[in-house]
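Here are my notes on the nonpolar packing and the aromatic contacts. Please read them with the model open.

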Amino acid sequence: MNENSALSEKVRTALASSGDDLFELEEVAQLSEGLERLRRDNAKVAAILLNPFLPDSQGIATVKSLLYVAANVPILILGEEDQEALAVEAVECGAQDYLLPNHIDRYSLPRALRNAVERKSIEDALYVEKDRALVTLNSIGDAVLCTDLSGKIIFLNLVAEALTGWKRDEALGKPLAEVFVIIDGETRQPAADPLKKAIEQNRAVSIASNSLLLRRGGGEATIEDSSAPIHDRSGAVIGAVIVFHDVSVARAMTIEMTYAAHHDAVTALPNRLLLNDRISHAITTAQRHKQKFAVMFVDLDHFKSINDSLGHAVGDKLLQAVAKRLQASVRASDTVGRHGGDEFIVLLPEIEEENDSEISAKKILAALSEPFLFDDVTLQITATIGISIYPRDGKDANSLIQNADLAMYEAKENGRDQVHFFSDEMKLQAIERQFVESGLRRALEQNEFLLYYQPKVNLKSGKITGAEALIRWQEPHRGLLLPDQFIRVAENRGLIIPIGRWVLHEVCRQARLWELTSGVVLPISINVSEAELRDTDFIQGVRAALAETGLTPRSIQFELTEGILLKDLRTSIAVLNELKLMGIHMAVDDFGTGYSSLSYLHQFAINVLKIDKSFVHLLTADPRNSTLICAIIAMAKGLKYRVIAEGVETETQRDFLQKQGCEEGQGYLFSKPLPAAEFRELIHK
């Protein structure tokens, strides 16, 4: 743009004589014309040659007007010799370069134009790249902060602004320590400057894992970071960059997950994992100081019945209350944990004598025996405790817990609500129980059980009036096993219900077979366990067995002990009444061993009393012991019950019982228990 025709001609001549056809010259005489041209289409304008003194505009204002309209087009100032200061000012405002009159020739002018265009293109590319980098840095989830070599802030992205509380404009030029304030999360002391360390060591470094960033204006965040030096083209360190992010939520979640992984959800006590770790630590300490310690296995008695009858919500409340009492009963240095279900572990890491652990155990039993009050529910429970001692009873956590469990099991076998120490004999018994348990499961699958039948005899006529079915186990390695050798394990391991179900079906099948093939109709007695009587499917199972075999209900009789009947009076009465409606007779087995049952006897739908064999055996030792038997027989007669005496082995016993009015007897005097085939032959004889 030039109103001076001489200058214009000089430009034309220089471009024409250069032989460079890259540029096509277009000329306007006024700023307004040029602005209109640029507004119309500046995309095809490669560069602007500007004389800053135009008829309608003068000086820097002209340059600024063009930069406003065509900021993407490079501008070269054409000035007179005395206008160089103005030209320099124009470059500072945004023009690419300036040419004085003596440089407007065929060499300098084309070169200046090409350089201006190229520089503008490079500047635009750098701007785009810088803008893209800035957008990227502001879009990532991490905070980015840069400093120069002196530690002054030269850049923050948006995330860094949010985390530090500093706006970029306010932070630029500030010392790093003023903007990026970090402390040790445990000691609360200032942490080392990571950027200074990165610059000094010329390598990437990280802050300590528990570092806290103190925000401007209050608040703090747990952060993780990585700091690295910034290099120039020559490799010299010119500053540093730190990339960091807030891990407060993740750290809190990790802490929560770690706690959950080591603590019981119901009681908040240490769980098995943490218990094992505490015991392992106690072992290390005990080895170092040559000390002993105790592990107690605490099991709540009959907790399942509380859960079943009152629901899991009450059961959980009870477990929580038990946990609190256990913790209150031991020292702060002791550990109380929940092993699972209603089982707890107590670790006593410091004991002088083994007796100390027994004292603690009895204190726990006393605390747990106090009533538990939950709204309108009052619960009274007991517990059983087994104790193992390190190093005598185990060298690792699992062995100590397992052996304390074995001691607890032994205590339960001996009546519950007591304390037992582990012994080597218990280990052998546990191995035996395990052998029996696994064998029983196999026996159910492979049909290894047998039924033997012991006749019941009319003491006056000698005729067989019925039989009692007695289970046997044909164990492949040990031969024929009696109930005393496996029934208790079956009851304790939850196998008595499937075994009882098999017995019921087998008795019904065998009795029906005798009826069909031999015309033998004899009631067969079946012993019923406590678990079977409480089983909600028991009645339905009886109906199903009778229906499948076609046996009449009067062909079977159930025998239950006094203890089973008295455990849960309401359930016992309900079940017996339903069986009576079906036509099944009931007998009280081993009568006389439960001294509290007489006041309840009339409430049960029973037909038969069986005098326990222990009373019958006393007749031989001393006839004066006959008083109790006479009383039982007289009471049974008064209640219109049939009376059967068990364990009759001598003629004297039979004669005495017959004279007292006992109708039937069962024992070796008449026959030992026999397999089905032999029992059938006995009937025919």
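The points below cover the basis of the model, its cores and its rings.

1. This is a predicted model: local features need pLDDT of at least 70, side-chain atom pairs count only at pLDDT 80 or more, and totals for chains, interfaces and linings use all residues. Residues are numbered from 1 along each chain as its sequence is written, and side-chain values use heavy atoms, leaving out hydrogens and water.

2. The largest nonpolar core has 72 residues. (Such a core is a set of buried Ala, Val, Leu, Ile, Met, Phe, Trp, Tyr and Cys residues joined through side-chain atoms within 4.5 Å; buried means under 20% relative accessible area, with a 1.4 Å probe and protein chains only.) Leu-440, Ile-556, Phe-558 and Leu-579 touch the most other members. Helix H18 (residues 496–518) gives the largest share, 8 residues; helices are DSSP runs of H or I, at least four residues, numbered from the N terminus.

3. Another core, of 33 residues, lies apart from the largest one. Its members include Phe-374 and Ile-387.

4. The whole structure holds 11 aromatic pairs. (Rings of Phe, Tyr and Trp, the last by its six-membered ring, pair if their centres lie within 6.5 Å; planes under 30 degrees apart count as stacked, over 60 as edge-to-face and the rest as tilted.) Trp-514 and Phe-679 sit 5.4 Å apart, centre to centre, with planes at 40°, so this pair is tilted. Trp-514 is in helix H18 and Phe-679 in helix H26 (residues 676–684), so the pair ties together parts 165 residues apart in sequence. Both residues are buried.

5. Arg-216 lies over the face of Trp-166, 3.8 Å from the ring centre. (The test is NZ of Lys or CZ of Arg within 6 Å of the ring centre and within 35 degrees of the ring normal.)

Methods:
Buried < 20%, exposed > 50% of the residue type's maximum accessible area, 1.4 Å probe, protein only. Helix = DSSP H or I, 4+ residues; strand = E, 2+ residues; numbered from the N terminus.
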